[in-house]
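Reader: I would like a close look at a single part of this model. Please keep it brisk.

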Amino acid sequence: MNRHVTFLRALIIMSLAGFSAQAVWAEPVLTWTPGITISRLSADGSVGTGNSTDGTYSPSRWTPTEGVVRLGQSSGEILGRSGGIPGISADGEKISSSIASFDSTVVTHGRWTKGLGWEQLMPPLPPGVVELDQSYGSAWGISGDGSTVVGYAWHSPGRAYCSAWNETTGMTLLGGQDPDYDSRANDADFDGNVIVGWSSIGFGYWQPTVWEDGALTVLHASERWCEAKAVNPAGDTIVGSALDTLTGINSAAMWVKNGPGWDEHILGALSGTFGNGVGNVFGLDLNADASIVVGANHKDNWTGVGFVWDLEQGIRPAVDWLADLGVALPDSYAIYAMHAISDDGSTLAGVAYNQFVYPPEYEGFVVTLDDVSSVPRADISDLSMGPATPNPFNPVTSFALSVTRSSRIEIDVFDARGHLVRRLHNGIMAPGEHTVEWDGRMDNGRHAPSGLYLARARDEWGHEQMRRMTMVK
């Protein structure tokens, strides 16, 4: 798959639908979450889940009003061992986790439902599943509707097999590329039909993998430790990590559904990240429309930096991204990772630590936009942008732009990585019909390479229109 001739799903949708948006953020609120490392958020960000930070890894639930509530059945407390990470349904009513079995003898998969408590998902055991080192396997995620819990189960002779438990069909082993090697599921879409994780074909190498209705597709093949970490509710955009062959870095990556296949987009790595398998960058979660990705950037074997990637500015340290929103952590604190973002993008969860305390003491936090429901949205735009004509093109294309009132207009062209290629206009534009032309050149005067590009028109009130263009040489 060629990432240079594909485009990000969110930009395509905006360009095809004539999307008009206003990037308006309400005043954010920073809340520390002592006692929990939040791994996932509900769709609106009002509920979080994760493991406790007291060393027992107890599955826990967090809300702003109740704080942290430990849910019990902790395998760490009972058996001294745990695994996986808790997941949460879109409504926040169901949580998946690795738990101690009800007889306190083995680690197994569990699903917690508000008002009902825990269900033990194994036993019964599917054919071939075995107990290994006091464990049947571990849970790593749950579908948005709460019906499907994913992770892995131990299979004879001691291999981890990607697993999916469904409330109707029970536990199923999806397996991997090779029955002699391991696989694991990390997340599922809303209805549990698209499951993402990793599979291996040799010792020590993980390859990002998706299972669609049980059918396996390898998203990125390399001899590196890479995986798919999260999928959006629609099941058409996945984030994780992949080898960037241009830099040699295991970089944050996105895969966008394109017909029967998946298009790969390298989101990049922060400056100072080592290549050759030393540094690893993971997209850990994404909002519903894939316009924001959060994750962890391990520059080397010791240094972790949380990041946020967005369509506007690409990958940035989370501390800088949050500072632009007016969120400032104490000066001595660094953000180790950004773990989760709500579907609507209103709430983010991460982990920070005091750089001057050793060994590090990690503290969870949540950033929430205050009263996000009242944030105005630009549903009606003062701009109307026609499609690029011709499209595909070589070397010139143009599009019509209608302006209803005099305004300062910026018109820019971006490439598939979100980098600014050319500024076509920046100034006052009178009301009426206008034609904007791009001659296929970049700001430095050189011809742009073949590929997909995005033209964006934006007025001084924040209204935007976007259209995609394909240059073919």
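Which strand order does the open sheet of four strands have, and with which pairing?

Author: The order is β32-β31-β34-β35, and the pairing is antiparallel. The edges belong to β32 (420-429) and β35 (464-471). Each has a single partner strand, so one side of each lacks a neighbour in the sheet. From one strand to the next, the twist averages 15°. For that angle, axes are lines fitted to C-alpha atoms, and angles run from 0 to 180 degrees between N-to-C directions.

Some ground rules. This is a predicted model: local features need pLDDT of at least 70, side-chain atom pairs count only at pLDDT 80 or more, and totals for chains, interfaces and linings use all residues. Residues are numbered from 1 along each chain as its sequence is written, and side-chain values use heavy atoms, with hydrogens and water left out. Strands are DSSP runs (E, at least two residues), numbered from the N terminus. Two strands pair if DSSP finds at least two bridges between them.

Now the pairing in detail. Eight bridges link β31 (residues 407-414) with β32 in the antiparallel sense. Within this pair, Arg408 stands opposite Ile428 of β32.

There is also an open sheet of three strands, ordered β29-β30-β33. Its pairing is antiparallel too. Here β29 (383-385) and β33 (432-438) are the edge strands, and each pairs on one side only. The twist averages 25° from one strand to the next. β29 and β30 (residues 397-403) run antiparallel, joined by three bridges. Met385 has Leu401 in β30 as its bridge partner.
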